[in-house]
Amino acid sequence: MLHNPTGKERLALAFLLGMLAILGPLNIDMYLPSFPEIAEDLSARASLVQLSLTACLIGLTIGQIIVGPVSDAQGRRKPLLICIFAFALFSLFCALAPNITTLVIARFLQGFTASAGLVLSRAIVRDVFTGRELSKFFSLLMVITAVAPMVAPMTGGAILLLPFASWHTIFLFLTFIGFLLVLIIALKLKETLPPEKRIPSSIGNSVRTMGGLLKDRSFIGYALTVGFIHGGSFAYVSGTPFVYQDIYGVSPQVFSILFGINGLAIITGSFIIGRFGGIIHEKSLLRIGVITAMLATAVLLVMTMIHGPLAALVISIFIYMITIGMTLTSTFTLAMEKQGHRAGSASALLGMLPLLLGSIVSPLVGMNESTAVPMGAIMFSTAVLGSIAFFTLTKQTEKAKKE
């Protein structure tokens, strides 16, 4: 695989990696419009339905921690093929789930295998691109990936409109997507990590690699920044299906549109980094992003406390999601710049932290189904914690560099 490819090779790689990266958002977002239907069909409380999302996020978290180091030792292609094939099978398992307990277990396994698409798409980017090209290509990948959260709930809502369709149909669709991706990977993806650059496979080496990343103050500072800020967004992912539909009375299709437009916000945020990253230092753009995230979620919290108009919530969340696009893109390029041969492990850690926090906050949103305050409070709190991580840890790193 050529380094910093251009032209058709670059576009083909962007399409392929984009397909892999959207597996996570599709897995998370596509079934959101069916939350109330699942709760009724399986006779489950809202918090238990949200637990199925938590299970998926935990699976995505654990899967990345395992798949990332394995790919540093075995290469990217083989683990990817195995995991995506298993994802297709577990998606079918979800579709056939007869009760909420089975669905929660199936969602964990589905998330575990889908993690390969998330972690290895980023690792492949680091294998192939360097320097400014790394930032530019990852920004392009983020634009592609951002379409998934915009399209996924709309697709889920559209599926529910089909004759005889139900929430089971959504998981059958994911089964089809999984098998389609297996075919594309087998035919189009070449190995990007040559044997001479691989880390010997052992538990000890994996622990040492992760330990080295945790001791890297610059890396962990950016990882915690994206971990808290992006992780808090899962309160919105888990909460809005009930807030919009049950509290504000919108239909599943209108919810899908309101949820999906935030994909445009992520695209906007990623575009800002890709377009202006060469003019303004990415760390300065990230600083603007984390401050804006705090302000937007502060407004959102106030609106939930006073039961403000739906438009106020939608606008506040849209602005917040712009900062998510900025944070995801800039923290990746800043954190991964010097990781080299341990890109798989570094990518896993960067992807794990938001999902780990997301798995914690998702069920908390459903503690009180009559108000949106838990959602607003969690989003504001995590934005503040992410800002603290950025302004303390990365500031110290910057001073050290000057010295």
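How many residues does α4 have, and how far does α4 reach from its first C-alpha to its last? In this predicted model, α4 has 29 residues and reaches 41 Å between those two atoms. That span is close to the 42 Å expected at 1.5 Å a residue. The helix covers residues 46-74, and the residue that follows α4 is Gly75, whose phi is positive, near 95°.

Part of the surface of the model is nonpolar. Ile58, Ile62, Ile66 and Val70 form a nonpolar patch there, with about 270 Å² of accessible area together. Val70 lies in α4. An α-helix has 3.6 residues a turn, so residues three or four places apart point the same way.

The charged contacts come next. A search of the whole structure finds two salt bridges. In one, the side chains of Arg76 and Asp72 meet at 2.9 Å, N to O. Arg76 also forms a salt bridge with Asp127, where the closest N and O atoms are 2.8 Å apart. Asp127 lies in helix α6 (residues 100-128) and Arg76 in the loop between α4 and α5 (77-95), so this pair ties together parts that are 51 residues apart in sequence.

Two glycines in other helices can be looked at in the same terms. Gly24 lies in helix α2, which runs over residues 23-29. With a relative accessible area of 1%, Gly24 is buried, because the buried class takes in residues under 20%. Its C-alpha atom is separated by 14 Å from that of Ala86, and Gly24 and Ala86 are 62 residues apart along the chain.

Gly204 is found in helix α9, residues 203-215. At 30% relative accessibility, Gly204 counts as partly exposed. What separates the C-alpha atoms of Gly204 and Ala235? The separation is 35 Å, with the two residues 31 places apart along the chain.

Definitions and conventions:
Residues are numbered from 1 along each chain as its sequence is written. This is a predicted model: local features need pLDDT of at least 70, side-chain atom pairs count only at pLDDT 80 or more; totals for chains, interfaces and linings use all residues. Side-chain values use heavy atoms; hydrogens and water are left out. Patches are made of residues with over 30% relative accessible area and no salt bridge: like charges are joined within 9 Å, nonpolar side chains (Val, Leu, Ile, Met, Phe, Trp, Tyr) within 5 Å. Accessible areas come from the Shrake-Rupley method with a 1.4 Å probe; for residues, only the protein chains shown count as cover. A salt bridge is a side-chain nitrogen of Lys or Arg within 4 Å of a carboxyl oxygen of Asp or Glu. Helices (H or I, at least four residues) and strands (E, at least two) are DSSP runs, numbered from the N terminus. The expected span of a helix is 1.5 Å times one less than its number of residues. Buried means under 20% relative accessible area, exposed over 50%, partly exposed in between (1.4 Å probe, protein chains only).
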